[in-house]
Amino acid sequence: MGWKEAAEPVLTRMPAVQRPQKHVPFKRKLAWTAGILVLYFFLTNIQLLGIDAAASEDLFGEFRAILAGEHGSLLQVGIGPIVTGSIVMQLLGGANLLGLDTDDPRDQVLYQGLQKLLVIVMTALTALPMVFAGGFLPVEPALQLGGFTFDQTQIQALMFLQIFAGGVLILYMDEVVSKWGIGSGIGLFIIAGVSQMLVAGFVSPSEEGFFYSWYLILTGQIEVGSIVGGDGLYTLLLGQGDIIALLTTVLIFAIVVYAESVRVEIPLSHARVKGARGRFPVKLIYASVLPMILVRALQANIQFMGQILNRQTGDASTIALFGNELPWLGVYDAQGQPVSGFFYYFAPIYSPDDWMWWTGEVTQEAWMVMVRVSVDLTFMIIGGAIFAIFWVETTNMGPKATAQQIQNSGMQIPGFRQNVSVVEKVMERYIPQVTVIGGALVGLLAVWANMLGTIGAVTGTGLLLAVSITYKLYEEIAEEQMMEMHPMMRQMFGKE
Amino acid sequence: MDRGQNTGGLMSSAGLVRYFDAEDSNAILINPKTVIATGVMLGILVQLLTFVS
């Protein structure tokens with residue numbers, strides 16, 4: 001029993017948001033959630049003090065859609081550190097390296113503390129290279145505050161403090177929503193970011209906006225070219241016309257909403273009350289698409305490393321370590337995008353322009369593109385399945401935990417003995433299989449959506465997350481409202 | 001009513017961060033209003049400093 005005792009004094013003292021003492025009325029919950037959402041948008045609009053906004057470049061790049069936050073604002077890191085911290089917790093917990101029993105109250109406190117500490121450490125680790133390494137956040141040449149002039153290093157330190165404060169604030173904002181509001185803060189921030197991008201992708205009055213592009217096409221201001229020759233077709237489908245992106249976006253919506261209802265239902269009956277029947281649903285997207293964030297974040301972290309290494313080498317296009325050029329590791333173009341090497345193959349596909357080699361937009365050989373697509377697919381499908389398994393285990397949705405819940409509610413599976421291990425056996429026939437299939441399917445869907453493009457470049461993962469979180473939120477609100485109307489229900493839902 | 005559904009904390013897993021009911025008496029407890037107030041104040045402070053600089 002080594003680390004637990006050693007870390008206990010620190011972990012048990014991590015500041016936490018108070019829990020409500022009694023039931024929070026639905027309207028009050030809605031108010032807390034809306035309040036945090038307004039605060040989130042407010043903070044994304046506050047520019048960092050000391051940043052030279054014009055020269056800066058987003059380190060998160062295309063990952064911004066799922067990591068929330070806003071580049072150059074107080075919420076620069078978004079939920080990145082929370083996700084990275086969660087990956088570590090999932091891996092440690094899933095492999096059972098922590099030795100924490102989440103049914104034991106003392107271990108629960110330790111788990112919560114460790115989780116918080118990890119996120120805070122990750123916030124510092126994400127913010128440090130952003131500010132100090134390679135000019136992702138270039139500072140203003142001079143900053144004067146009340147007669148005091150800051151030099152470059154001091155401005156950087158000031159920026160680091162702001163980003164760090166913003167990152168810690170996000171963690172506590174999530175906690176407020178989780179304890180006092182509806183759903184979770186992280187879900188809320190993801191929906192907020194993705195919806196913002198999606199709406200902008202439709203109505204933005206520039207060539208990026210879907211409607212505006214079509215206005216330009218119909219009034220002849222965008223040259224479409226000959227449909228028969230292929231050029232016109234390209235413009236309409238993949239270029240400014242974005243028809244394929246529109247179809248993908250709509251299709252993802254439809255698929256997720258449909259897949260939410262695909263489930264294996266295990267019949268239940270009450271042991272004592274005759275006639276009280278129910279069903280336990282094992283959903284196809286059982287583990288939901290949240291584990292997908294973890295896979296994407298893993299890819300994002302690999303890409304950050306590449307970007308940071310690339311910045312260290314100055315103007316040269318090839319990554320150099322200790323004076324040796326390492327072209328196999330990564331070669332970057334003028335825009336800071338990897339064009340070959342390890343970091344190229346491990347970069348996810350974001351848009352049709354990343355892989356449709358026959359259109360002439362891609363500078364790489366066809367086989368290089370193929371390798372990159374297969375690496376992305378493998379990563380997302382296998383990674384999706386693995387993280388889904390860990391997710392189910394660590395969030396108490398596994399066979400053992402659900403069997404216990406069914407037992408506690410006094411239900412049983414008709415035709416089987418009323419015994420936890422019997423119910424667990426039945427659950428084991430469905431839950432692991434459904435989880436793996438669901439995780440892999442969601443991974444495939446995300447890559448496919450990215451390959452065809454989405455409106456507003458929200459990415460497949462962003463869209464999948466937004467739709468399924470919204471769906472969950474809707475279910476949760478419906479449940480809340482029902483409990484408001486019938487206080488008896490609260491007991492049935494297992495809440496006090 | 002479909003009793004099997006949503007029984008016992010199944011829905012509590014929408015977030016990446018897990019919060020349990022257990023709390024240590026040593027822990028520093030923050031009022032949720034304090035979190036919002038801190039956020040608003042941080043934003044206003046940074047914005048004000050940007051104006052004066």
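Buried means under 20% relative accessible area, exposed means over 50%, and partly exposed is whatever lies in between (1.4 Å probe, protein chains only). This is a predicted model, so local features need pLDDT of at least 70, side-chain atom pairs count only at pLDDT 80 or more, and totals for chains, interfaces and linings use all residues. Residues are numbered from 1 along each chain as its sequence is written, chains are lettered from A and ligands numbered from 1 in the order in which they are written, and side-chain values use heavy atoms, with hydrogens and water left out.

**Exercise 1. Is Ile381(A) buried, exposed or partly exposed, and where does it sit?**

Step 1: Start with the area. Ile381(A) has a relative accessible area of 26%, so it counts as partly exposed.

Step 2: Ile381(A) belongs to helix H13, residues 366–394 of chain A. Helices here are DSSP runs of H or I with at least four residues, strands are runs of E with at least two, and both are numbered from the N terminus.

Step 3: Look for a contact from elsewhere in the sequence. Ala440(A) is 59 residues away from Ile381(A) along the chain, yet the two C-alpha atoms are 4.4 Å apart.

**Exercise 2. Work out the order of the three-stranded sheet and how its strands pair.**

Step 1: Get the order. The open sheet in chain A runs S5-S4-S10, with antiparallel pairing. Two strands pair if DSSP finds at least two bridges between them.

Step 2: Find the edges. S5 (277–283) and S10 (411–412) of chain A each have a single partner strand, so one side of each has no neighbour in the sheet.

Step 3: Count the bridges. S4(A), residues 263–270, is joined to S5(A) by seven bridges, and to S10(A) by two.

Step 4: On the S10(A) side, His270(A) stands opposite Met411(A). In a regular strand the side chains alternate between the two faces of the sheet.

Step 5: Check the turn and the surroundings. The hairpin of S4(A) and S5(A) has six residues between the strands, and Gly275(A) there takes a positive phi near 95°. Five of the seven residues of S5(A) are buried, so the strand is largely enclosed by the rest of the structure.

**Exercise 3. Describe the second largest pocket: what is its volume, and which residues line it?**

Step 1: On a 1 Å grid over the protein atoms alone, a cavity is a set of points where a 1.4 Å probe fits but cannot get out; a pocket is an open set with protein on both sides within 12 Å along at least five of seven lines, and lining residues have an atom within 4 Å of a point. Grid points are joined across faces, edges and corners, and volume is the space filled by probe spheres set on the points.

Step 2: Read off the volume, about 1100 Å³.

Step 3: List the lining. It has 38 residues, with Met197(A), Glu208(A), Thr454(A), Gly456(A) and Ala457(A) nearest the centre. Several helices supply at least two residues each, including H2 (26–44), H10 (243–260) and H15 (420–452) of chain A. H7(A) gives the most, with six residues.

Step 4: The lining splits into 15 nonpolar, 16 polar and seven charged residues. Ala, Val, Leu, Ile, Met, Phe, Trp, Tyr, Cys and Pro count as nonpolar, Asp, Glu, Lys and Arg as charged, and the others, Gly among them, as polar.

Step 5: Assign domains. Domain 1 (25–182) and domain 2 (196–296 + 372–492) of chain A each contribute at least three lining residues; the bounds come from an automatic or database domain assignment.

**Exercise 4. What phi do Ala68(A) and Thr459(A) take, and where do they lie?**

Step 1: Ala68(A) has a positive phi near 55° without being glycine. Its loop lies between H3 and helix H4 (80–94) of chain A. With a relative accessible area of 3%, Ala68(A) is buried.

Step 2: Thr459(A), also not a glycine, has a positive phi near 65°. It falls in the loop between H15 and helix H16 (460–485) of chain A, and counts as buried at 9% relative accessibility.
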